[in-house]
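Here is a friendly briefing to keep beside you while you look around the model. The sequence and structure come first, and the notes follow by topic.

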Amino acid sequence: MSKNIGLIGRRNYLLKQNPRIEELKISFKIFFTNPTAVAGFVITLLYFIDIILVQFFPSFIGISDPNRYIYNFNNPVPLPPSSSHWCGTTAGGIDLCDAIIKSIRIDLIYSLFIVIVGAIIGLLLGLVSGYLGGIFDEILMRITDIFFSIPYLVLAIAILFVLGVSLENIAFSLIIVWWPLYARYARAQTLSIKQMTFIESAKASGTRDLMIMFKHIVPNVLPPIFVQISLDLGTVVGVFATLAFIGFSPTANIPELGYLTSLGLNYISIAPWSVIIPGLVITVFALAVNLMGDGLRDVIDPKRRSV
Amino acid sequence: MSEILTINNLKVWFHTRRGTFKALNGVNLNLRKGEVLGLAGESGSGKSTLGLSIMALLPSNAIIVRGSKIILKNRDYLKYFELFPEEKIDRKFKIKKNQKIMKHIRDFLAKIRGKEVSMVFQEPMTALNPLLQIGYQITEALLAHSSINLAKRILSRINLTEDDVREILKIVKSSKNVEKDLNEFSKLKKLDGIEDQVLYILNRKDLSTIRKERMIYSLKEKMKNPLTMSYLKKIAENKSIGIYRFLNRIPILKRYLKGVLIKEGYRKAIELLAMLNIPHAEKVVYMYPHELSGGMRQRVSIAIALANNPDIIILDEPTSALDVIVQYQILQLISELKYKLNISFIFISHDLSVLAEVCDRIAIMYGGRIVEIGPIDKIFYESLHPYTKGLLRAIPKISKDIKTIESIPGTVPDMRNPPNGCMFHPRCPYVMDVCRNKVPKSIEYSKDHFVECFLYGE
Amino acid sequence: MKLWLYIIRRILLIIPTLIGLTIIVFILIHVRGNNLIIAEYLNPHLTGAARDYAIQQLYQRFHLNDPLFIQYFYWLYQVINGDLGLTRTPIYSGPVNTALALFYPNTIMLALVSSILIWIIGIPIGVWSAVKRDSVFDQSTRVATFTLYAMPAYMVYLLVLIIFAVYLKWFPISGAVDPLLLQGVSWYVNGISYPTHIIFIDALLHGDINIALNSIWHFILPSLGIALGGVAGIIRLLRSSMLEVLDQDYIRMARSKGISESEVINIHARRNALIPAVTSFVYGVAGLLGGVVVAEVIFNIPGVGYWTVQALLNNDAGGILGSTLIFGIILVTASLILDIIYAALDPRVRY
Ligand SMILES: Nc1ncnc2c1ncn2[C@@H]1O[C@H](COP(=O)(O)OP(=O)(O)OP(=O)(O)O)[C@@H](O)[C@H]1O
Ligand SMILES: [Mg+2]
């Protein structure tokens, strides 16, 4: 009798395959049947292709120097889009199309770096403080409180002042202001999972804390954090560009979208394209990442999964 | 007895992504004046859905099928709406259009809700708005339908003379039927509304007679300012209040117009709560729902349902979430109200033993149909339908052996694909061939005792 | 009564946050090294031993030889007594105090006007698009808010600027008030207006309607830009919380009383839906103040944000110190106000 049950169980297991793979299949199905999410995904992919091309095959797309803009002082006043300059030019006669293709790389790579590092720091601290609670938790919360008591852009500017204005330092300052958000978020997630019964039973059966954390809590906290990252990426690109927009003097010459926008600022009344076009490039990216993030949120939403 | 509510062939379905859920499949029911009708059945049999249909408060994905009739006080209100016929509810069903129809029905019937029919919902803990004072939530119901009464109550206190008070006290002391005499007195003197206030004071148990007398004396109120007075008079005479509607938008003026009515609403709310045996009602009205226990909240819900003296009250499992003592108190209360106020009740419960305490008749529901309905004795001692018999056997009886507790084998049918013929046939111990193909008709087996089963009749 | 107790408790809770704020500002300034702190005070013409002596004197004066921990308390004492040091930027040089008095009114004005605009625009749109779910209005609102939400702040302001100032010419391109109007005005001395320092209010106080209107006219566009940047989040949040609220039992209960649908929405649903919007606006204010900084730069408005950026570009410690502190205080005050609103809305938090 008991043998039979074992056999049936094993057969069911084989038939149903690995439940994780099954779950993954459902996830893919939910994501890829959502047209806006797919659109977001495709656009994001295009931006990343741009990065790869600029980084590794610049000559392939006709870019001579990926690390700085090429001025044309014969024609320093911005020109409108035309057949020779598809997106027009901005101050200093810089060709906008060429400039944008170069700049995307910097913005995206740094933003990705910011969110990932910020998320890792926040996740670790949030997990530990949420799981252990007590004094450690209290200290972490007070620290994040202090961080939340200054508007993040102002704090980033102050940190930038300490470190000196450069692209890397913009990234560092944003990591410093961004991690507390993730810490709070990861802590809240951890707390809600900690209360579930399976954690209790794992504890009761003598599993060690570290084990519980990595086997039970981390796998449950990661998906929502991941969704948060993809939603945040859009915001961070914007903030990164904003800091570059206000932080660099006009002679810096770095291929970055916020800085590129600031170059057109003096010509805003005669050449609005010189600020609109670079701005739109960021907006489209942020929009795409947000659409993708919304799609991902649906994937992990238990309500959607069950239907 | 006259029928106050008749339901004919009521079909309510739910549109879901996984198919159409057939919650009610031709319900026939009538409710008489002043009776308590019990409605029993397993979870999911459609009891709440039936209650919500009468209230016209169905969720937005509900479909009322054409041919359904709900006749309230001789008015067939579904007649006015272009409902979808059964055969059009298929894959290409226009859910948006149906939602509009449902919203029309809901808005159209706002006038009767609370005034002619009201309902106490299944979940006492979440039924009250957490941000509003208890008193306001009751007052709101009063303002919706009874602002005339509120205005009259205020005016009656203002118009009260010393002589009137003396006369009232005389009635209170000497009359055999205080309530009747007070009513006559207030009619005679055109002091509508004063009688309730006097009775409330008399019925208070926490006061001495002398205090009560003093309170009756102090009912008399001073004249209010002319603006307020003319507003109250307009409302009391049920005249149009055109300009006041605009004045009520101005915060400072609002205090002297609508605010006066709201204050009176609180007064009336205290009386209602006291009638439902809530201690310290005059404090409770200023509290918020989270400060009350489940039983108190349930009583507040009942007070809201009672506020406008409706003809029908639907009680959806009013006792299930409560402990036995509170449950008993609430049942007691309902029996009292039945005699006092001449209201018809529909009492929904899955627990027949609860129904046995308060009901005149009982309807048994299965799979969205009323399978048996009859006077309480008939249902308990001469039940006909196999399902009713099963339900009765499932009541634990203390006097007997524990072994006698039984349950009905099988489970509730999947109402997305309900069985052909009689809904109950897959679980019925007496199933016959005819049960699998034909839907049984309702048969009057004995006087007032109807059953839908092929075992009876012919 | 109970609300008052709650407010007092909440005000007391601010103190540790303020201390934290001063610690973080102190650390930021001192990490850059002591030379920057005394730079503003040092006479640049001194050389050699005289210079060394002057530096020594300044070290003494600011207790820079003491341990950092002790230094903090000296510094805090100084701050509490209202001495925030000196600032030197192209737009202003002098005591940080005076700079703050000069700049903060514009910032407060921008923040307030745009917050008010956010709620005036946000509440009806968010509520309405939930009530009329999936209608054309709802769909277009969702597209618009999604786009606005994704745009970097400066992009929103630039678009507003290009559309309303450059093309339509309805509003001035930059500045806080037309300087020509202020010539020879008695209550406006050295770029500071008296008594409140807020030009709009002072002009009203002195009966100069013309100047007041001109000031408002300058503020509309940046405020609108900041509001548009922040309103998308509020609308999205309100819409989803409104949808959730409309499904609650107490809404069905409210309907069962027979009150009108507009009362159901306005009295029962909206207030409940506002609660999560108000609590999350605490984070929104942080974003909004960041927006104020950027808007001041783009619209050339001499406010604290503009000063901050000037301080960053000119390596000026005083400016960074003053602006960080004042922004922190504004934010802490804003979250206090929001918490009080929250408590006024929701009786459950008062206990
Ligand atoms: N909005 C809805 N959409 C789909 N199905 C619904 C909806 N509302 C109710 N139902 C289904 O209709 C059936 C009848 O529900 P109803 O609430 O009337 O049952 P009930 O008899 O009151 O049960 P209980 O004793 O548990 O309260 C249930 O099976 C429920 O799943
Ligand atoms: Mg029910």
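What share of the contacts in chain C with a separation of 6 or more comes from residues 24 or more positions apart? The share is 69%, where a contact means heavy atoms within 4.5 Å.

This is a predicted model, in which local features need pLDDT of at least 70 and side-chain atom pairs count only at pLDDT 80 or more, while totals for chains, interfaces and linings use all residues. Residues are numbered from 1 along each chain as its sequence is written, chains are lettered from A and ligands numbered from 1 in the order in which they are written, and side-chain values use heavy atoms, with hydrogens and water left out.

**Chain C overall**
- Chain C has 13 helices and 4 strands; these are DSSP runs numbered from the N terminus, with helices being H or I of at least four residues and strands E of at least two.
- Of its 351 residues, 53% count as buried (under 20% relative accessible area; exposed is over 50% and partly exposed in between, with a 1.4 Å probe and protein chains only).
- Its C-alpha atoms fill a box of roughly 90 × 50 × 40 Å along the principal axes.

**Helix 12 of chain C**
- In this helix (residues 304–313), 9 of the 10 residues are buried, among them Tyr306(C), Trp307(C) and Leu312(C).
- The buried residues pack against helix 6 and helix 9 of chain A, and also against strand 1, helix 5, helix 11 and helix 13 of chain C.
- Just after the helix, Asn315(C) has a positive phi of about 60°.

**Nonpolar cores**
- The largest nonpolar core has 180 residues, and Leu174(A), Phe240(A), Leu243(A) and Ile298(C) touch the most other members; such a core is a set of buried Ala, Val, Leu, Ile, Met, Phe, Trp, Tyr and Cys residues joined through side-chain atoms within 4.5 Å.
- Helix 11 of chain C gives the most to this core, with 19 residues.
- Leaving aside residues up to four places away in sequence, Ile298(C) touches Phe245(A), Tyr154(C), Tyr157(C), Leu158(C) and Leu161(C).
- Another core, of 145 residues, lies apart from it and includes Ile89(B) and Met119(B).

**Magnesium ion (ligand 2)**
- Its protein donors are Ser48(B) (OG) and Gln122(B) (OE1), 1.9 to 2.5 Å away; donors are N, O and S atoms within 2.8 Å of the metal (3.2 Å for Na, K and Ca), and sites may look incomplete because water is not among the atoms.
- Ser48(B) lies in helix 1 of chain B and Gln122(B) in the loop between strand 7 and helix 3, so the pair ties together parts 74 residues apart in sequence.
- Ser48(B) is partly exposed at 22% relative accessible area, and Gln122(B) is partly exposed at 29%.
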